[in-house]
Amino acid sequence: MPLATQKPLANGGRAGDAVDRGATPHGGASVGGGSSAGGFDAIVVGAGPAGTSAALGLAQKGAKVLLLERGEYPGAKNMFGGMMAYCPAPEQLVPGFWERAPWERAVTKRVLSIAGRESSTSLVFQARSGSERSSVGAGSSSDRSLTGFTLFRPIFDRWYAEQAVAAGVTLLTSCRAEGLLMRDGAVRGVRIAGGGGTAGGDDVVEAPLVIACDGALSLLAQEAGLHGGFKPDQVALGVRALYLLTEEDINERFGLAGREGATNEFLGCTEGIRGGGFVYTQTETLSIGLVMHLDSLKQKAIPPYELMERFVASTPVAPLLRGARLVEYSAHLLPEAGVRMTPRLSAAGLLVAGDAAGFCYTNGLTQEGMNMAMTSGLLAAKVGAEALAQGDFTAPRLAGYAKEMKRSFVLRDLRTFRRAIDFLHHDRLFEDYPRVVSALMEDVYRSDGRPRTKIARMGLRAVRGVVPIRQLIADAIRVGRAYLW
Amino acid sequence: MVVDEIFELVSYRIHPEPHIRLNQDVCQGCTHRACTFACPARCYTWSEERARVEFAYEACLECGTCLLLCDRGALDWHYPQGGYGVRFRVA
Ligand SMILES: Cc1cc2nc3c(=O)[nH]c(=O)nc-3n(C[C@H](O)[C@H](O)[C@H](O)COP(=O)(O)OP(=O)(O)OC[C@H]3O[C@@H](n4cnc5c(N)ncnc54)[C@H](O)[C@@H]3O)c2cc1C
Ligand code: SF4
Ligand code: SF4
């Protein structure tokens, strides 16, 4: 079916229709029998938060946009921890976004746990309590800035893409971009699988602007030469198990009321692999998972599912799962190296946003990616719309996007926390220090009839034999520079 | 273990053609065989008997770990054709 005849997909039709009417896996995405289809101002690859934001932003400026997604529906391939932190970008794209988006719980409680062999130690942050915040989703933005929202990507991404369709975006699902269409040194469209769906792609869709939002593997930007392929020490593998419980059990176990949510990050649960664990609450499910730097995973050679098995059985996690039923397992990569992995962000005819640009990070305390994806998608749309208005898609024109990104919180935060991100690439943090903290806290609370000592001395005892004092001081300074000044 | 139940836990639409192809000859000289323990879906296994790495694509979660960890270029790696492969859902 040639795109030109897919009228209902473009302007308006019912959103659900358009999603369902995407090309079928059988037919592949045919765009007019081996030839090329045109008429689009821009093609956005990937209907994740970055791509949908970019498509929405362009459509609002009157551009004719094609949004390609390889999944059967947007979100089919996507998984995250996860909690979406508040950011203003989606509100600019979808009025009433925070009231309307299909989120699960509004997070009011954040826990950081350091797991040792015999014990674990936690730091709990609790935003203003329960019932006062029961209408959290509808609160003011200052109210929301302390909150985040847990959600399911297959539901959220699909809903968000429907908003784009309602704004006039043409969404084509079950359609994998095979690569870029290059002409005269500029990107002029994408290659997609032909009718038979054979790899290699014998159809092309042309447009003067392509926005690559294809996620953490970033194959399109790599093809365009914007980076040389992300490296194992720049990305992490996340695995997640989803457990079904009741809403009441979750509220009781985490001390929550109504649709309040909690997140719990764990350090020291990865058997020396750089990374951590997480537990996130949805309405009646828990997401339990691990994140592991790929180079460290390779070095330690522990299968992720074995580590997961031990994590769910561990002292702090097992009680949360009593009576819960395992209902899904998933895996996904995430960028982890901050500004060290930021690729060139544009080329003639091409912009890159979201995970594909490495805009995702953790500083050990928070994990952010969705907000960065949406913000970069929005800014890509802004620069793209200006380029469209001027009919100028040259590299210098599109380089304005990098400038916009540098001004936004995305690249600023990645710079602010570059030392924290570097620090999270030290093995000691994941093996030695959790042991030190646990040993110290065990000393603090141990009562065995022997005289106690003050904390500094206990600390020294806990450190001895695990981390050399010189190293400890050097690391303390590193932590200071990473987080404090 | 979760990976033992992967086909009960994860929904797939499996394409008859594999989306990843492994050149087992190239693996012969590999010293780490990272794919065999790092793949979260256990798609790669070392067969003592046949003294080679075996690969099955059906349970693939499309994460890309094997692509990034293989440093010998043994893989011809693609996402599955549009509409195929894993489909995450809510229970
Ligand atoms: C375990 C884990 C936990 C996380 N926790 C959090 C968290 O708590 N908070 C947070 O904010 N972020 C979190 N993240 C990060 C967050 O998920 C990402 O930053 C975010 O999804 C990036 O959005 P994106 O649109 O750039 O990419 P994606 O969401 O990956 O979307 C890319 C889209 O492109 C499609 N696609 C790819 N290639 C093609 C192609 N060739 N043709 C057509 N379509 C294609 C994919 O199917 C997908 O839909 C987490 C990630 C993981 C893995
Ligand atoms: S890492 Fe690459 S070369 Fe080594 S066994 Fe795996 S696929 Fe083969
Ligand atoms: S992409 Fe991920 S799940 Fe698929 S075979 Fe490679 S490592 Fe395994």
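Student: How many salt bridges does the structure hold over all chains?

Tutor: Side chains of opposite charge can pair when their charged atoms come close. A salt bridge here is a side-chain nitrogen of Lys or Arg within 4 Å of a carboxyl oxygen of Asp or Glu. Over all chains, the count of salt bridges is 22.

Student: What should I know about the model and its numbering?

Tutor: This is a predicted model, where local features need pLDDT of at least 70 and side-chain atom pairs count only at pLDDT 80 or more, while totals for chains, interfaces and linings use all residues; side-chain values use heavy atoms, without hydrogens and water. Residues are numbered from 1 along each chain as its sequence is written, and chains are lettered from A and ligands numbered from 1 in the order in which they are written.

Student: Which residue of chain A meets B:Asp71 in a salt bridge?

Tutor: Between chain B and chain A there are 4 salt bridges. One side chain that pairs with B:Asp71, at 3.2 Å from N to O, belongs to A:Lys298.

Student: How many residues does chain A bring to the contact with chain B?

Tutor: Contact means heavy atoms within 4.5 Å. Chain B gives 40 residues. From chain A come 44 residues.

Student: Are A:Arg240 and A:Glu328 buried or exposed?

Tutor: Their side chains meet in a salt bridge at 3.8 Å, N to O. A:Arg240 is in strand S13 and A:Glu328 in strand S17 of chain A, 88 residues apart; strands are DSSP runs (E, at least two residues) and helices are runs of H or I (at least four), numbered from the N terminus. Buried means under 20% relative accessible area, exposed over 50%, partly exposed in between (1.4 Å probe, protein chains only). Both residues are buried.

Student: Why does A:Arg340 count as exposed?

Tutor: A:Arg340 forms a salt bridge with A:Asp422, 2.6 Å from N to O. A:Asp422 has 27% relative accessibility, so A:Asp422 counts as partly exposed. A:Arg340 counts as exposed because its relative accessibility is 61%.
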